[in-house]
Amino acid sequence: MKRMLTHKLKWMDRLRQWSGLRSLRSQLLARSLIILAVLLLLIGIVQFWIMESFLYRSQAKTMEQQLRSMPPVWLGISSRNETFRAFPSGQGSPDDRGNGGRFLFIPDRSLAIIEGSGQFQDVFGSDGLAAPRLQESDYSAILDQLNDQQHVTYRIVTDASGKEQLIVFSTPGPRNYGFPLVQMGTETKPFKDLILKQLMIFIALSLLALVAGLALYAKAMRRTLVPLSNMVDTVQRIDAGSLAERVPAVQGQREIDQLAQSFNGMLERLERSFGAERASKERMQRFLSDASHELRTPLTSIHGFIEVLQRGAANNEEQLHLALNSMHGESVRINKLVEDLLMLTKLDQAPRLEHADVRLDGLLRDMAPQLLIMAGERTVHFDLTAGLHMSADPHKLKQVVLNLFQNAVQHTDPTSGRIALNLYAVEGYAELSISDNGIGIDQEHLPHIFERFYRTSSSRSRKQGGAGLGLAITGSIVEMHGGSIMVTSKPGSGTAFKVLLPLMR
């Protein structure tokens, strides 16, 4: 059973492939035609029901009018006070039929007279259509409705010969004159044949409309899906190297335009993501290259001093002392570099900060003695606004101040240098600025000074023990606190770093 089902599914899948219904155009066309065919079928059913009801009601109304306008004498009733009397076909003399006898005959009609006592007489008999007979209770109810001036609806019944008839009831002449109940009927077959003929015409026209619709709708569908086909072609041309290409955002179709806008937005995000990834890879490669270079330089120096000592310099106290001092300086430099690299690694992993309520002016005043020692003979000016609080990690903030202050110390004259440390409140932020009158920074270097291992002067930075990581660490710490850092500088006039940190509300 399972094998047969699998075979059937495969066969249906192949049939679907052969029929081309996998394409959106074919599916839309097929489903539209199916919906149209179902609608036409429903219209045909409703039309059949409405036409049948209309023809039956029209015919019933016509026969009721015939019965009301029919003189009683035509039915063999001479007067309303005379006892009911009608002569069957072929009975009585011509004189009798001319005087109170029946001389009425209507082709394709059945006619019956029902006396109040329940007597039923088929007027036309074998000469015409046989009149179907109802129950006596039905006739009594119909007669009561007519006497009460109520309308009696037609009925569809089957006569003794199996023919379906539409029958109506009335009394000849004016109502309430005591005339017997008269029943007139006609076959429903001609009406059904007419309805069926109209229905067949409708079906033929519907099929013709479907065929014409198939031809016209296929062309319209092909033109409607042109924007989507263009989008598919554009998507096929796009790869990781051509993410800058965009789909036209306005093509005249709202849904396609929305899809194009969403797709273009996705391409923009992908382009930014790929760009960020490429930039990250480039930074990582540069980082590894610079880190290797920074580590190789002191290690090479230490290795050289060791070789000198091994060749006999260790016996010379002066050379030994010089070598050991140099090796110690290089080891300190390596240790500082490793610590900075570990710090950057932790910052890249978004470590959890130890937040506390920090009063910024108090923190800076506590650091003042250490900063003055670092400045040496340089002039240091403090301008601090009191009462500024923020939620921050105090140890990380101290590192920011130390890095920026150390940078100012390194690039100012040891005796004539001036460093200003200011703290102000600006629209919900604490503005911490550290400025100096040092050598300044060329404009071409300003966009890159917060990058790792970037140095404006490699020889001077190495001489002073810098590896180009301090400002990168500072920028990362400031961003982790929800702040921002910027720099302004002019060669020969000094440099100013400005840090904005959100104040506690």
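Good morning. I begin with D108, which is exposed, with a relative accessible area of 62%; exposed means over 50%, buried under 20% and partly exposed in between, using a 1.4 Å probe and protein chains only. D108 is found in the loop between α3 (94-98) and β1. Although D108 is not a glycine, its phi is positive, at about 60 degrees.

A word on the source. This is a predicted model, in which local features need pLDDT of at least 70 and side-chain atom pairs count only at pLDDT 80 or more, while totals for chains, interfaces and linings use all residues. Residues are numbered from 1 along each chain as its sequence is written, and side-chain values use heavy atoms, with hydrogens and water left out. Helices (H or I, at least four residues) and strands (E, at least two) are DSSP runs, numbered from the N terminus.

E427 is another residue other than glycine with a positive phi, near 50 degrees. E427 lies in the loop between β9 (418-426) and β10, and is exposed, with a relative accessible area of 78%.

I turn to a sheet. It is open and has 5 strands in the order β2-β1-β5-β4-β3, with antiparallel pairing; two strands pair if DSSP finds at least two bridges between them. At the edges stand β2 (120-122) and β3 (155-158), each with a single partner strand, so one side of each has no neighbour in the sheet. On average, neighbouring strands are turned by 30 degrees against each other, direction ignored; axes are lines fitted to C-alpha atoms, for helices over the stretch in contact, and angles run from 0 to 180 degrees between N-to-C directions. Strands β4 (residues 164-170) and β5 (residues 181-187) run antiparallel and are joined by 6 bridges. Helix α4 (residues 136-147) packs on the sheet and touches β1 (110-114), β2, β3, β4 and β5, where contact means heavy atoms within 4.5 Å.

Which residues line the largest cavity? They are L360, L363, L364, L397, V400, V401, L423, A430, L432 and L501. A cavity is a set of points on a 1 Å grid over the protein atoms alone where a 1.4 Å probe fits but cannot get out, and lining residues have an atom within 4 Å of a point. The lining has 10 nonpolar, no polar and no charged residues, where Ala, Val, Leu, Ile, Met, Phe, Trp, Tyr, Cys and Pro count as nonpolar, Asp, Glu, Lys and Arg as charged, and the others, Gly among them, as polar. L501 is in strand β12 (residues 494-502) and is buried, with a relative accessible area of 6%.

Note on methods
1 Å grid on protein atoms, 1.4 Å probe; cavity = no way out; pocket = protein on both sides within 12 Å on 5 of 7 lines; lining within 4 Å.
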